[in-house]
Amino acid sequence: MSLNVGVIGAGAMGTAISQCIAPNTNKLLLYARRKEICDDINEGHINCEYHPSVKLHKNIMAVNDLCDLKDVDVIFLCIPSSVMRQTMVQLNDIVSDKCIFVSTAKGIENKTNKRMSEVIEDETGRSAVVLSGPNIASEMMKNLPSATTIASIKKKDLEIVKNVLSTPKLKVNTNHDVIGTEFCGIIKNILAISQGICKGMGINDNAKFAVFTKSYNETKCIIEKLGGNRSTVDDYCGFGDIITASTLNVSRNHTLGIWYGQGVYLDEQTGVLFEGKNTTIVLKEICDKLNIECLTVNFVYDVIILKKSPKKAFYALWEKL
């Protein structure tokens with residue numbers, strides 16, 4: 001049976017997820033914060049700002065008021081981690097108690113160090129499904145083969161969300177390891193930056209992938225100590241997402257690392273937001289507090305936050321591999 005689905009966030013990923021799952025729904029409501037994007041979608045069925053060359057599915061209707069989502073069965077949250085809490089405060093008074101929340105945000109709340117599923121539970125009293133994987137919005141918009149992972153402690157919610165997401169071109173793996181799945185998406189930002197720094201410095205491939213190997217294994221240890229499962233790192237949300245973000249130029253965090261590796265330092269006035277920069281600070285705090293070894297986190301922190309010489313930071317890391 002088809003469901004009514006809402007997607008909050010009409011950016012690149014929110015629009016791509018809407019395009020993928022629209023055929024599986026009775027009606028898909030795509031919430032856009034800016035009215036001009038709503039108008040473009042409803043009048044021309046195109047998101048001119050993010051995917052101007054792709055016609056959107058006929059089931060997609062854009063809305064500019066969260067109250068329009070009051071009757072949906074599932075809501076995909078395609079928004080930055082920085083606005084998750086305030087969005088959930090608003091939604092909690094709008095949607096039904098049976099509505100399932102699906103978080104796609106790969107970040108940690110700055111002030112509390114909480115994962116997005118924890119933020120959602122704080123404000124709504126319910127567990128969320130988390131979605132994470134090597135998801136490239138431009139490929140999903142073109143209906144190219146893609147794969148992702150969803151996790152929840154509730155089997156029924158996983159089944160419902162998997163049915164909404166699954167298509168002949170989109171493969172979906174499920175698990176109950178919410179902690180591991182979320183932290184894969186969080187830590188991969190750090191690995192993407194570290195590989196970008198190496199690329200920006202012109203580090204040779206052998207050394208670069210030696211660092212990647214150490215970082216990948218370190219990710220398993222970190223996730224295990226944080227309460228997740230090591231095996232989750234081998235799924236789409238882990239290896240698939242990590243290798244995508246660490247090697248492809250579509251990754252903003254990889255690009256951020258390249259700039260810093262080349263000695264180009266960014267400040268807040270650039271207007272460019274990178275989840276990985278905030279994640280570096282928060283994950284460093286978590287690892288230090290729990291006495292978790294994190295060579296890659298320290299390397300990225302030294303270069304991105306402390307603005308140490310990339311060359312000195314790299315060889316300090318290299319000595320410890």
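Colleague: Which residues are linked in a network of salt bridges?

Modeller: A salt bridge is a side-chain nitrogen of Lys or Arg within 4 Å of a carboxyl oxygen of Asp or Glu. Here such a network links Arg85, Glu109, Lys114, Asp122 and Glu123. Please note that this is a predicted model, in which local features need pLDDT of at least 70 and side-chain atom pairs count only at pLDDT 80 or more, whereas totals for chains, interfaces and linings use all residues. Residues are numbered from 1 along each chain as its sequence is written, and side-chain values use heavy atoms, with hydrogens and water left out.

Colleague: How many salt bridges does the structure hold?

Modeller: There are 17 salt bridges. One of them joins Lys106 to Asp241, with 2.9 Å between the closest N and O atoms.

Colleague: Is Asp241 buried or exposed?

Modeller: Buried means under 20% relative accessible area, exposed over 50%, and partly exposed in between (1.4 Å probe, protein chains only). Asp241 has a relative accessible area of 3% and is therefore buried. Lys106, at 17% relative accessibility, also counts as buried.

Colleague: Where do Asp205 and Lys208 lie?

Modeller: Both are in helix α8, three residues apart, about one turn of the helix. Asp205 counts as partly exposed at 49% relative accessibility, whereas Lys208, at 13%, counts as buried.

Colleague: Which residues have the most contacts inside the largest nonpolar core?

Modeller: In soluble globular proteins, nonpolar side chains tend to be buried together. A nonpolar core is a set of buried Ala, Val, Leu, Ile, Met, Phe, Trp, Tyr and Cys residues joined through side-chain atoms within 4.5 Å. The largest core here has 39 residues, and Phe183 and Phe299 have the most contacts inside it. Its largest share, nine residues, comes from α7. Apart from this core lies another, of 35 residues, including Phe76 and Val161.

Note on methods: Helices (H or I, at least four residues) and strands (E, at least two) are DSSP runs, numbered from the N terminus.
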